[in-house]
Every structure is written in structure tokens, then in C-alpha cells.
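Visitor: I have the model open and a few things to ask about it. Can we go through them one at a time?

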Amino acid sequence: MKKTKMGVQCGGQILRIPPITNLATNPNFPINAFLLTLHLPVEEEYVPPIRLRVLDTQGFGYRPHVGQACVQDLARFRREPDGEEQLPRPRVPVPGPNPGTTLSPPLLREEEDEEEGDWWSKFYMAMGDTAKSHRRTHRDSLKVYGCELEAVPQFEGLQDFCQTFPLYQPGGHQGDDPVPVGEFKGLFCLYPLPEDPGVPPPPRHFQELPPSQPQQCLVRVYIVRALDLSPRDRNGMCDPYVRVSLGSKTLGQRDQYVPNTVEPVFGRMFEVMGTVPLEKDLRVSLLDHDLLPPDQEIGSTTIDLENRLLSRFRAHCGLPPLYRTAGPGRWRDQLSPSRALEHLAHTRGLQAPEFSAEGTAVTFGGSTFLLSHFGPPTYRHPGAPRERLALHVLRAWNLVPEHLETRTLYNSAQPGLEQGKVQMWVDIFPASLGPPGPPVDITPRQPQSYELRCVVWNTRDVEPGDINAAGQRMSDIYVTGWLDGLEEQKQRTDVHYRALQGDGSFHWRFVFPFQYLAAERRCVLPQKEHFWSLDETVLKVPPKLILQVWDNDKFSADDFLGVLELELTRLPRPAQRPQDCALKPRLSPWPWGRIGGPPHFSLFRQKQARGWWPCVVHEGGTRRMAGKLELSLELLSEKEAEERPAGKGREEPNAYPTLQPPVRPDSSFLWLRAPLRALRYAVWQRHRCRITVTLALLLLLLLLLNFIYSAPVSTEDPQTPSPAAHRALLTSSHPQTSILPTRHRSPHTGTHPGSETQLLPCPTAPTSRALPSSCAQSC
């Protein structure tokens with residue numbers, strides 16, 4: 001059994017450290033703290049370095065040099081004798097109305113919706129990609145570092161407890177890059193001694209040291225994605241997969257690769273047990289999958305687990321901003337926030353925190369913190385008040401938060417050249433602290449299967465492409481449709497021949513199955529770039545329905561008449577009547593004619609829609625309307641589509657809804673089958689202006705005649721002569737006639753005085769005829 005000894009030399013003083021009994025089972029020294037009195041010059045330029053020597057003790061007094069190191073610039077190890085660690089005071093909000101603590105009801109509902117999201121929503125929000133995230137606030141945010149965690153300045157390289165000094169083989173050749181043969185981990189602190197012997201020396205206070213025995217730890221490695229990988233294939237891409245190594249254990253399978261990409265999304269978690277510090281170097285490698293092994297290594301990075309486990313910044317498990325007991329963001333550390341706060345006080349030599357009985361107040365570091373200062377919880381599953389308050393105090397210490405680090409990959413074949421980056425984080429759970437919490441689910445989002453059913457009912461005002469023998473404008477219309485990115489699923493209706501004025505009828509159903517990521521609002525399109533490609537490439541595009549109207553020609557290419565593009569997540573609200581269909585929605589002057597709701601909606605929420613949408617033609621950077629399409633759209637999940645099957649076109653099963661063949665009278669027999677429609681096309685389309693003016697004139701004439709007929713007439717005619725004149729006229733012109741007063745008498749009554757008399761002319765007979773007896777009696 002070999003023993004390893006070490007000597008520390010500085011300023012003519014030599015400190016011999018007891019040897020390590022068995023380096024293979026426990027590489028820690030049996031004694032961890034040593035004191036050495038040195039006399040050093042005041043000028044830093046003349047301060048001698050510290051020389052470290054590691055010797056291997058063997059039999060017969062033979063002690064070969066294993067490695068050595070030279071530590072310079074001792075000023076960075078200088079400490080003040082009265083320097084005590086002060087508890088950082090968090091910024092406590094002022095009680096009362098505060099936008100940071102008081103949330104409006106819409107924001108409360110919004111954060112409740114955030115709970116339904118996954119870890120990727122938090123990740124994309126931290127990256128600033130709001131299109132792939134449902135979150136709108138940063139209360140439950142994720143810190144993304146653009147470098148390694150040990151490179152963040154505020155964490156001091158994670159070497160605040162012990163620093164790493166590489167050991168080199170003595171007698172190396174000059175000019176060659178020395179290769180380290182080992183590492184020494186330790187910490188040097190220089191305290192100035194007072195010149196006055198009456199002044200007491202600085203206190204020999206050491207922080208809480210970890211156990212000298214190795215610790216069994218569960219290590220969880222989360223690999224999120226890689227960026228800007230160096231290509232390894234001829235097409236400028238690579239097929240990367242992940243391999244994680246800790247000691248003699250290796251995880252990662254070569255068949256779990258992401259094909260044809262230099263920015264793969266892995267979303268994988270690896271669990272491995274390790275003994276720290278015997279197995280302290282975690283190696284994460286990315287390899288390129290080849291058809292025949294061995295695979296080429298793209299790059300790798302190494303993480304020192306011992307530094308993260310011993311660092312006072314609590315780098316073994318990041319602190320989340322919120323304490324939750326369930327859901328995607330539930331607490332995953334071994335210790336609850338209150339126990340973690342007690343452990344922090346113990347390791348730093350501080351007094352244990354004192355909580356109130358309700359857990360709404362805590363006294364720690366000479367300060368009292370109230371839970372009310374941090375606002376009420378506005379999320380689900382908030383947990384006990386004691387734990388929430390302890391988490392707020394822990395975050396005041398500027399410990400490592402819940403994070404994502406970006407590590408640079410290097411390849412030994414090309415030292416110093418960056419081969420890409422990988423975004424990841426590591427959680428370390430010592431077995432002595434108890435079982436760990438649940439792991440974080442970072443599995444990539446899986447798309448869901450949907451089916452879009454589009455029924456083309458009618459077309460109106462489509463620009464005609466031909467003119468028949470009678471001078472009428474007509475077209476042979478048909479409609480094609482597909483989803484953007486899925487051109488291989490293109491479908492078309494039958495042809496409506498001789499459609500006058502662009503009015504066609506189809507009653508035709510399109511059926512489009514597709515894969516959709518609801519969280520990112522994208523369609524997933526797995527496809528092969530070339531027919532000889534072995535793997536599919538995943539493409540994500542917005543869900544967009546494209547419909548085109550064409551004029552069918554037999555002896556030439558079909559004429560394009562118009563296009564309609566409908567984005568399913570932002571669908572324009574259709575018009576219910578064809579005359580209301582326009583490029584911009586028209587506002588009706590009547591309140592009952594206005595379109596209810598916002599101008600756009602998502603078909604994934606409303607599920608169904610029917611109405612008229614405008615077709616457009618792009619000319620010179622502008623759009624003009626070229627027709628109208630009456631459609632009905634229905635979106636179904638995979639399960640709903642199986643329960644309600646429907647065929648394409650009018651094929652079986654013809655259901656949901658049942659489509660009847662459209663009525664399409666031929667133009668030559670239009671007068672017999674549809675006389676009103678024929679009258680419309682033959683007369684009205686040509687002479688509608690003349691017909692309108694004629695009808696208007698007839699209506700005015702009827703109104704005038706009605707006015708004359710209903711006008712009032714006077715009871716006294718000016719051409720009628722007076723009674724005296726009338727009597728004189730009758731006497732002079734007709735001597736045989738006499739004017740007698742007529743009285744209405746009764747045969748047995750006399751004449752009533754004052755009764756009115758009326759002069760009536762007695763009709764006279766011609767000279768050749770005698771007067772009738774009845775007339776004579778009446779006269």
C-alpha cells in the first residue's frame with residue numbers, strides 16, 4: 001500500500017502534512033487545517049511564492065516526486081483579522097399598495113394559467129422567445145447564463161472553499177506545454193500579525209469543514225440543447241448524441257441521436273451515482289452518429305463536482321424563485337427551505353434562525369423578516385408560510401439560483417478551438433442528507449395529432465377567365481387546398497363547368513391530418529430532405545391553410561384566379577353574407593348587423609367556423625379582391641376524428657355534415673331548368689341600368705296618378721247657372737214647359753208653411769209625341 005506525502009514551503013519555512021494512507025479509497029488528508037508563522041516582506045513584489053511538493057512514500061526510504069506546483073501572487077489570499085461575514089439584507093418592499101406585491105385579477109388568472117405550462121415555457125420565456133411560451137410574467141423565471149457557472153464573477157469560480165492547483169511533473173522540457181499530472185485542493189489565508197505584543201492575535205476561526213470521508217452522491221445531469229456544433233458530415237450537418245461519464249460509469253446510447261442538425265434539442269436527464277471526491281470529474285461529451293462505428297467526438301466539457309458540493313454559494317442545487325409543493329416547478333431539493341436555512345447557518349457559524357409559531361416571521365442574522373413584506377402567493381400549491389419565508393431569506397444570500405449554464409465544448413484533437421456549446425445544469429444530492437426530490441421533466445414537447453376538415457360550399461364573384469358565344473363571362477372553376485409545408489397532401493375539388501360570373505357550387509370536403517405543438521403554436525413536419533436520406537428532419541411552421549381558385553383549361557395551362565391564406569391560430573372572422581365579405585371588415589350602421597367578438601380568433605379554441613372569406617390576387621405589391629369563398633372549418637383531435645369519421649370530397653363516410661351533390665344547370669338548358677336564374681344572367685346582367693331607370697320612372701308616374709286621383713273636388717260648380725237664370729232660360733227656350741214648385745205632400749195633409757221648395761224642370765216631350773201620363777201627374 002502506497003502513501004502520499006506533501007510538503008508546503010514558503011519563506012524558508014517547511015510545513016509537512018501527514019500522508020494520505022490510501023489514495024485509492026480516500027484522497028483527503030487526515031488533518032485539514034494547519035498554521036504556519038511566516039515573516040514576509042511588506043512589498044508584494046518581494047513576497048516569495050508557496051511551493052507545493054507531493055511525494056510518494058515507498059519502501060527503503062525512496063520518495064519520488066509525484067508532482068509540484070508554484071503558487072504566486074499571495075496578495076489575493078490576504079484576509080483582515082476582524083473581517084466577519086455579514087448577512088446581506090434583502091430589499092424588503094414597503095407594505096401597502098405596490099405594483100410588485102399587489103396583482104390585479106387578470107394577472108392572477110394569468111399566473112394560474114402559467115401553472116398549466118411545462119418547464120419549456122419557463123425556458124423559452126427566459127430566452128425571450130414569447131412565441132413558444134404561455135408565460136407573461138417573470139415571477140417564476142429561470143436564470144440562463146451565457147457561460148459556465150464557475151465563470152460567473154459573483155460566484156468566485158466556485159472555489160471559495162478550496163482552490164484547485166494543478167500539479168506538474170518536475171523536470172519537464174522547456175518550451176513544451178506542461179501536462180498536469182494531478183491536482184491539489186486547498187485554501188490559503190494570510191492574516192497579518194500585530195507588531196505590538198500586547199495586542200491579541202487574530203482569532204483562529206475556521207469555517208465548518210465537510211467530513212473527511214468520501215460521500216456517496218446522486219448526480220442528475222440535465223442536457224437541454226446544443227448550439228453551433230462543428231459539422232461532421234458532408235452536408236454540413238451532424239447527428240449528435242450525448243454521452244455522460246463519471247468515473248467508470250458511462251451513460252448514453254448511440255441510437256438516441258438527433259439527425260441532420262447543428263443545433264439539436266435533447267431534453268434528456270441522466271442519473272448516476274458517484275463517490276466524491278474519488279469520482280469528482282463529470283464529463284459530458286457530444287458524439288456524431290455514423291452508420292458504422294466508431295463515432296467521432298464533436299466536443300466535450302468537464303465539471304468538477306467537488307467544487308460545487310463544497311462551495312458556500314450552494315451550487316449543488318439551484319434555488320427556485322417560488323416554493324411549490326406540486327406541479328412542474330415543485331421543490332426538488334433534499335432539504336426544505338427552512339432546513340436549508342438552518343444548514344446554512346450551521347456551516348457559516350451563525351445563530352440558527354428563529355421562526356414564529358405561525359411561520360410568518362423569522363429572526364436571522366440580527367434582523368427580523370416578515371412574510372407580508374414579500375406579498376401574498378399568487379400561484380397554485382404555495383406550501384406552508386414558514387417555507388416560503390425561509391426561501392425569501394435564502395435568496396437574499398445571493399446563492400446560486402435555478403439556472404441553465406452554457407458550456408463550451410472542446411476536442412482533444414483540436415485543442416483551444418471551440419466546437420460548439422451545450423446548455424445544461426447539474427444537481428448533486430449527498431446521500432447523507434436524505435432522499436432527493438422529484439426530477440425535473442425536460443422531455444421535449446411531443447406534438448398532438450389533429451385533423452382539419454374544410455368544406456368548400458360556394459364561390460361568388462370570382463373573376464371569369466372565358467367568354468362564351470353569347471358574350472357571357474364564364475369560367476370552369478375548381479379549388480385546390482393544402483396546409484403550408486404539407487404540399488404532398490394537396491387536394492382539389494371537381495370542376496364547375498360554365499360557371500357564369502364566377503358563381504360556383506361545389507359541396508366538397510378537404511381532410512388534412514397534421515401534427516401540432518400547442519405550446520409553441522407550430523406544426524411539426526417530419527420529412528426527408530432527399531430520397532436517399534436515412535433520417536427525417538423536423539421542421540416547425542405555423543398552421544396555415546392555403547386555398548387557390550383556378551380556371552380549368554383543356555388545351556393550355558390552367559389560369560390562376562385567386563388565393564386565400566388562413567392562419568388557424570389567428571383566423572379572420574368570416575362574413576355571414578357574401579355582400580359583406582371584403583378585404584377589411586365593414587362596420588354595419590345597424591347595431592344588430594355588427595360582427596361580435598374580436599376580428600381574429602384561434603380555431604384551436606373555437607373548433608368550428610363558417611362564413612365567407614375573400615380571395616386575393618397580388619399585383620405589384622398590392623392586394624385586390626378576386627372573389628369570395630364560402631367555407632366551413634372544423635378542427636378535431638385524433639380521438640374525435642376516429643369517433644366521427646368523414647371521407648374526402650363526397651366519398652363515404654359522407655357525414656358530419658352530409659354533402660349533397662350541388663345543382664349545376666348547364667348553360668344551354670338554363671331556360672328550362674332555372675328560368676329565373678337564366679333571366680338574371682341573360683337580361684339583368686346586361687340591361688340592369690336601363691331596367692332600373694325604367695322601373696324608377698314607372699314608380700314616379702304611378703305616384704303622380706295616385707296623387708291626382710286622390711285630390712279633393714269643390715261642391716259648387718262655377719259653370720252652373722243660378723236658379724233665376726236657369727228658370728228664365730227654361731221659359732224662353734221652352735214655352736211648353738212650366739216651372740212649378742214641388743212639394744212633398746201627403747194626399748191627406750196640407751202644405752206646410754215655410755217648407756222648402758225646389759224648382760225642377762218638367763221634361764217636355766217633342767212635338768210629335770204626347771206627354772206621358774206619369775210625367776204629367778208628377779209635374
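Visitor: Which residues does Asn307 touch, not counting those up to four places away in sequence?
Guide: Asn307 touches Leu158, Gln159, Cys162, Thr164 and Lys185. Bear in mind that this is a predicted model.

Visitor: Where is Asn307 found?
Guide: In helix α3, which covers residues 305-310.

Visitor: And is Asn307 buried or exposed?
Guide: Buried, because its relative accessibility is 8% and the cut-off for buried is under 20%.

Visitor: Now Arg254. What is the place of that one?
Guide: Arg254 sits in the loop between β10 (249-251) and β11. Its relative accessible area is 29%, so it counts as partly exposed.

Visitor: What is Arg254 in contact with, leaving aside neighbours within four places in sequence?
Guide: Tyr241, His289, Asp290, Pro293 and Asp295 are the contacts of Arg254. With Asp290 there is also a polar detail: the Arg254 side chain reaches the backbone oxygen of Asp290 at 3.0 Å.

Visitor: How many residues apart along the chain are Arg254 and Pro293?
Guide: They are 39 residues apart along the chain, and their C-alpha atoms are separated by 9.7 Å.

Visitor: What about the protein overall: how many helices and strands?
Guide: The protein has 11 helices and 34 strands. Of its 779 residues, 39% are buried. The accessible surface comes to about 45,600 Å², with 54% of that belonging to carbon and sulfur atoms.

Visitor: Of the contacts between residues at least 6 apart in sequence, how many join residues at least 24 apart?
Guide: 64% of them do.

Visitor: Back to helices. How many residues of α2 are buried?
Guide: Seven of the eight residues in α2 (119-126) are buried, so the helix is mostly covered. The buried ones are Trp119, Trp120, Ser121, Lys122, Phe123, Tyr124 and Met125.

Visitor: What do the buried residues of α2 pack against?
Guide: Four strands: β8 (215-227), β11 (265-276), β17 (403-411) and β18 (414-430). After α2 comes Gly128, with a positive phi near 85 degrees.

Visitor: How many bridges join β17 to β18?
Guide: Six bridges, and β17 and β18 run antiparallel. A hairpin through two residues joins β17 to β18.

Visitor: Which residue in β18 is the bridge partner of Tyr410?
Guide: Glu418 is the bridge partner of Tyr410.

Visitor: Backbone geometry next. Which peptide bond is cis at Pro277?
Guide: The bond from Val276 to Pro277 is cis, with omega near 15 degrees. Pro277 is in the loop between β11 and β12 (281-288).

Visitor: And what joins Tyr656 and Pro657?
Guide: A cis peptide bond joins Tyr656 and Pro657, with omega about -5 degrees. Pro657 is found in the loop between α7 (638-643) and α8 (670-673).

Visitor: Then what is phi of Asn398?
Guide: Phi of Asn398 is near 60 degrees, a positive value in a residue other than glycine. Asn398 lies in the loop between α5 (385-395) and β17.

Visitor: And Asp461, where does that lie?
Guide: Asp461 lies in the loop between β19 (448-460) and β20 (466-467). Its phi is positive, about 55 degrees, and it is not a glycine. Asp461 is partly exposed, with a relative accessible area of 47%.

Visitor: Last topic, the surface. Which residues form a nonpolar patch there?
Guide: Leu701, Leu702, Leu704, Leu705, Phe707 and Ile708 form the patch, with about 650 Å² of accessible area together.

Visitor: Where is the place of Ile708?
Guide: Ile708 is in helix α9, residues 675-709.

Visitor: Why is Ile708 called exposed?
Guide: Because its relative accessible area is 54%, and exposed means over 50%.

Terms used: Residues numbered from 1 in each chain as written. Predicted model: local features only at pLDDT ≥ 70, side-chain atom pairs only at ≥ 80, totals over all residues. Heavy atoms only, no water. Buried < 20%, exposed > 50% of the residue type's maximum accessible area, 1.4 Å probe, protein only. Contact = heavy atoms within 4.5 Å. Areas by Shrake-Rupley, 256 points an atom, 1.4 Å probe, with all protein chains shown as cover. Polar contact = N/O pair within 3.5 Å; in protein donor to acceptor, adjacent residues only side chain to side chain. Patch = residues over 30% accessible without salt bridge, like charges linked within 9 Å, V, L, I, M, F, W, Y side chains within 5 Å. Salt bridge = Lys/Arg side-chain N within 4 Å of Asp/Glu carboxyl O. Pairing = 2+ DSSP bridges.
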